[in-house]
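Here is a short report on one protein model.

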Amino acid sequence: MPPRRPRQAVPVGDTDPFRPSPERPVRCRARAMGHDTQFEPHHHPWGQLAYCASGLLQVTVADPVPGDAPAPETTTIVPPSRAVWIPPGARHAVSMLEASQLCTLYIDPSVVETEWQRSRVLVVSPLLRELVLGMELPHHVGNELRQRSLSNLVLAEMAHAPTLPLGVP
């Protein structure tokens, strides 16, 4: 078997155009990612739902802990039928195990429920999948009512999505 080539690290890039706010609490950043690419460990002040419409992801999350205690990490393999919730401030890394269509939802902390302060794996319903894909479509950019409606539906579907203990510490 030939040796596996190292993963190519890609920068997270400029997140400002996708920064969520209380007025626009859910923002979508979608992009095609090649096999064996990865985002190095990083964090940001908003929550994130990591979802791949196609391909396979590996997501590692260190949930925030109070004080100076080291944060335990959990690694999860994420197929298109699942997504990983990453709470605001959590250090995380994302690797593409296959060529993937990565759809990342950035979620403003003002709409993150108290019980969502730890990472979790969500079962992606057909409705949630279509809502995530609909968030990235440019035809609703100037339509605030549509943006707010999609955001509310995404948050409601996330809140009711079954969770699975698939991570490996």
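R118 is partly exposed, with a relative accessible area of 48%. In this predicted model, the side chain of R118 meets that of D63 in a salt bridge, 3.5 Å from N to O. D63 is buried, at 4% relative accessibility. R118 sits in the loop between β9 and β10 (120-123). D63 sits in the loop between β5 (57-62) and β6 (73-78). The pair therefore ties together parts that are 55 residues apart in sequence.

How many salt bridges does a search of the whole structure find? The count is two. The other partners are R129 and E130, whose side chains meet at 3.3 Å, N to O. R129 is partly exposed at 32% relative accessibility. E130 is partly exposed too, with a relative accessible area of 46%. Side chains of opposite charge can pair when their charged atoms come close.

| Salt bridge | N to O distance |
|---|---|
| R118 and D63 | 3.5 Å |
| R129 and E130 | 3.3 Å |

Next comes the sheet. Six strands form an open sheet with antiparallel pairing, in the order β2-β9-β4-β7-β10-β11. Its edge strands are β2 and β11 (163-164), each of which pairs on one side only. Helix α1 (residues 126-135) packs on this sheet and touches β2, β4 (47-54) and β9. The direction of α1 makes about 85° with that of β9.

β2 pairs with β9 (residues 100-107) in the antiparallel sense, over eight bridges. R27 has Y106 in β9 as its bridge partner. Strands of a sheet pair through backbone hydrogen bonds, either parallel or antiparallel.

D36 lies in the loop between β2 (26-33) and β3 (37-42). Its phi is near 65°, a positive value in a residue other than glycine. Is D36 buried or exposed? D36 counts as buried, at 2% relative accessibility.

Now the whole chain. The protein has two helices and eleven strands. From the N terminus on, the elements run β-β-β-β-β-β-β-β-β-β-α-α-β. Of its 169 residues, 42% count as buried. The protein exposes about 8800 Å², and carbon and sulfur atoms supply 58% of that area. Among contacts with a separation of 6 or more, 81% join residues 24 or more positions apart.

Technical notes:
Residues are numbered from 1 along each chain as its sequence is written. This is a predicted model: local features need pLDDT of at least 70, side-chain atom pairs count only at pLDDT 80 or more; totals for chains, interfaces and linings use all residues. Side-chain values use heavy atoms; hydrogens and water are left out. Helices (H or I, at least four residues) and strands (E, at least two) are DSSP runs, numbered from the N terminus. Buried means under 20% relative accessible area, exposed over 50%, partly exposed in between (1.4 Å probe, protein chains only). Contact means heavy atoms within 4.5 Å. Accessible areas come from the Shrake-Rupley method with a 1.4 Å probe; for residues, only the protein chains shown count as cover. Two strands pair if DSSP finds at least two bridges between them. Axes are lines fitted to C-alpha atoms, for helices over the stretch in contact, and angles run from 0 to 180 degrees between N-to-C directions. A salt bridge is a side-chain nitrogen of Lys or Arg within 4 Å of a carboxyl oxygen of Asp or Glu.
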